[in-house]
Amino acid sequence: VLKCKYGKDSVTYVRNITDIDDKIINSSKEKNISISDLTKKITKVFHDNCNYLNCEKPSYEPKATDNIELMTDMIEKLISKGFAYENDKHVYFKVNKFADYGKLSNKKLEDLIVGSRIDVSENKISPEDFVLWKPSENDEPYWISPWGKGRPGWHLECSVMSKKYLGDTFDIHGGGRDLIFPHHENEIAQSLCANDTKSLANYWVHNGFITISKEKMSKSQGNILKINNFKKKYNGQVL
């Protein structure tokens with residue numbers, strides 16, 4: 001729709017690939033395959049499914065692992081400005097230093113924390129602080145940083161890649177509504193503090209969940225229907 005209205009050269013669409021995080025590492029161990037083989041396999045399935053659904057192809061599709069140096073640069077900037085701190089080779093963002101935390105979800109910090117999954121760690125100054133960098137175990141992938149061998153936090157990856165391809169502030173940020181907190185709140189906090197800007201995105205567009213018999217489709221509910229279940233019966237536009 002945007003390309004039809006403004007011209008195809010006026011729209012830059014970025015869709016990043018998260019090819020390193022804790023879930024990927026755990027899954028590679030469970031399946032006993034390398035992280036590289038796992039991410040290549042899942043990315044191919046994702047691309048095949050997108051083609052079946054006739055999804056718009058992105059202008060850029062960066063991988064997190066190709067942008068580690070930019071991530072350490074942003075962390076160093078946040079530390080130098082007093083928005084982040086290092087403790088025992090971990091680096092955390094100081095949530096209470098960002099006054100507008102919770103503005104996207106229109107909630108106060110204490111309300112957001114109640115009932116949410118907050119990682120507990122003795123390395124944190126406050127429970128709500130979130131990780132920017134963490135050390136890697138001996139059998140885990142790592143990159144060299146000022147804080148030792150480790151890897152970036154998931155939230156940071158998205159802030160760095162959006163800045164690289166779209167700038168400090170861009171028009172539309174999409175995602176599922178389950179990402180509003182903490183992921184998108186954390187993206188906003190670290191991006192605004194690192195870039196000295198007043199906003200990350202002008203518009204936030206969050207999609208809802210697919211439901212079956214009024215239950216959210218999820219692995220925990222055991223009611224997952226995969227796209228492959230439909231490919232032999234229906235055109236992707238039907239789904």
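Student: How far apart are the end C-alpha atoms of helix α3, and what span should its 18 residues give?
Tutor: In this predicted model, helix α3 runs over residues 35–52, which makes 18 residues. Because each residue should contribute 1.5 Å, the helix should span 26 Å, and the end C-alpha atoms agree with that, being apart by 26 Å.

Student: Which elements do the buried residues of α3 pack against?
Tutor: Several residues of α3 are buried, among them I35, L38, T43 and Y52, where buried means under 20% relative accessible area. The buried residues of this helix pack against two elements, namely α2 (22–31) and α8 (228–231).

Student: Which residue just after α3 takes a positive phi?
Tutor: Helix α3 covers residues 35–52, so the place to look is just after that stretch. There a phi of about 60° is found, and the residue that takes it is N54.

Student: Which strands are the edge strands of the open sheet?
Tutor: The sheet has 5 strands with antiparallel pairing, in the order β1-β2-β3-β5-β4. An edge strand here pairs on one side only, and this holds for β1 (84–87) and β4 (143–145).

Student: What is the bridge partner of I144 in β5?
Tutor: Strand β4 pairs with β5, residues 148–152, in the antiparallel sense over 3 bridges. For I144, the bridge partner in β5 is K149.

Student: At what angle to β3 does helix α4 run?
Tutor: Helix α4, residues 68–80, lies across β1, β2, β3, β4 and β5. Within the sheet itself, the twist averages 35° from one strand to the next, whereas the helix runs relative to β3 (130–135) at about 120°.

Notes
Residues are numbered from 1 along each chain as its sequence is written. This is a predicted model: local features need pLDDT of at least 70, side-chain atom pairs count only at pLDDT 80 or more; totals for chains, interfaces and linings use all residues. Side-chain values use heavy atoms; hydrogens and water are left out. Two strands pair if DSSP finds at least two bridges between them. Helices (H or I, at least four residues) and strands (E, at least two) are DSSP runs, numbered from the N terminus. Axes are lines fitted to C-alpha atoms, for helices over the stretch in contact, and angles run from 0 to 180 degrees between N-to-C directions. Contact means heavy atoms within 4.5 Å. The expected span of a helix is 1.5 Å times one less than its number of residues. Buried means under 20% relative accessible area, exposed over 50%, partly exposed in between (1.4 Å probe, protein chains only).
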